[in-house]
Amino acid sequence: MRDEQFRLRCTTLMFNKAITDAMFSVVIADMAKKLVETIPDIKADFQTQIEMFPKLYDINDTVTYPSAVDPEYDDKVGKWMSQKQKKRGCAKFMTQLYVRGMVAQSSMKGSLELVIRDLEELVRKPKTESSEETTTSLVDFLFECSKVLPATSTELRDLIRNSGSEILKIPRAETTSLCMRSRFMLEDIVKCVQ
């Protein structure tokens with residue numbers, strides 16, 4: 001409580017662990033909730049980390065799976081996996097913090113709106129490795145959120161359901177960047193938040 005720098009290092013470490021190893025996100029969210037009872041500033045630390053969400057989900061900075069003949073294949077696969085895990089982990093951890101009242105609904109809604117806006121734009125773009133990879137990560141984000149959002153979060157659930165339904169209404173010929181895996185997942189998401 002007395003050392004702000006130490007507290008910030010600890011919350012940054014917790015946040016990084018939760019988003020890089022998503023299997024720990026529930027445990028770390030529970031631990032954070034308990035720590036906030038004693039050290040209320042921890043809630044603001046996590047809120048600050050969550051506000052950096054647009055940087056992590058920047059659609060112009062997507063790592064794609066490299067060609068097997070690329071001389072830096074191993075390094076690029078590592079970067080690709082790392083980015084994929086962080087994005088999924090961020091979605092899962094942010095939702096876990098939201099469910100525990102540690103992330104404001106406005107932040108959660110803002111993140112969902114950003115993802116949905118980007119997804120609506122990307123699915124209509126011509127298919128490239130980057131557009132398909134980014135679309136998949138955005139759908140993964142919605143999937144992770146939809147699994148955890150409680151039934152009482154009607155505004156957020158309605159946002160996901162309505163926008164997902166609208167995207168699915170677009171003819172397949174016009175959504176070349178939405179691969180079949182993502183389309184099926186989006187259908188599951190819409191069913192999950194009804």
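Biologist: What should I know about the model before reading numbers off it?
Modeller: It is predicted, so local features need pLDDT of at least 70 and side-chain atom pairs count only at pLDDT 80 or more, while totals for chains, interfaces and linings use all residues. Residues are numbered from 1 along each chain as its sequence is written, and side-chain values use heavy atoms, with hydrogens and water left out.

Biologist: How many helices and strands does the protein chain have?
Modeller: Nine helices and zero strands. Helices (H or I, at least four residues) and strands (E, at least two) are DSSP runs, numbered from the N terminus.

Biologist: And how much of the chain is buried?
Modeller: 44% of the 194 residues. Buried means under 20% relative accessible area, exposed over 50%, and partly exposed in between, with a 1.4 Å probe and protein chains only.

Biologist: Which residues of α6 are buried?
Modeller: S107, M108, S111, L112, L114, V115, I116, D118, L119 and L122.

Biologist: Why does S107 count as buried?
Modeller: Because its relative accessibility is 16%. Leaving aside residues up to four places away in sequence, S107 touches Q47 and I50; contact means heavy atoms within 4.5 Å.

Biologist: What length should α6 span?
Modeller: Helix α6 (residues 105-122) has 18 residues and should span 26 Å at 1.5 Å a residue; its end C-alpha atoms are 25 Å apart, which agrees. The expected span is 1.5 Å times one less than the number of residues.

Biologist: Next topic: how do α6 and α7 cross?
Modeller: Their axes come within 10 Å and cross at roughly 145 degrees. Axes are lines fitted to C-alpha atoms, for helices over the stretch in contact, and angles run from 0 to 180 degrees between N-to-C directions.

Biologist: What residues meet there?
Modeller: From α6, M108, S111, L112, V115, I116, D118, L119 and L122; from α7, S131, T134, T135, L138, V139, F141, L142 and C145.

Biologist: And α7 with α9, parallel or antiparallel?
Modeller: The axes of α7 (residues 129-148) and α9 (residues 180-192) come within 9 Å and cross at roughly 25 degrees. That makes α7 roughly parallel to α9; angles under 35 degrees count as roughly parallel, over 145 as roughly antiparallel, 65 to 115 as roughly perpendicular and the rest as oblique.

Biologist: Which residues make that contact?
Modeller: On α7, T136, V139, D140, L142, F143, S146 and K147; on α9, R181, S182, M185, L186, I189 and C192.
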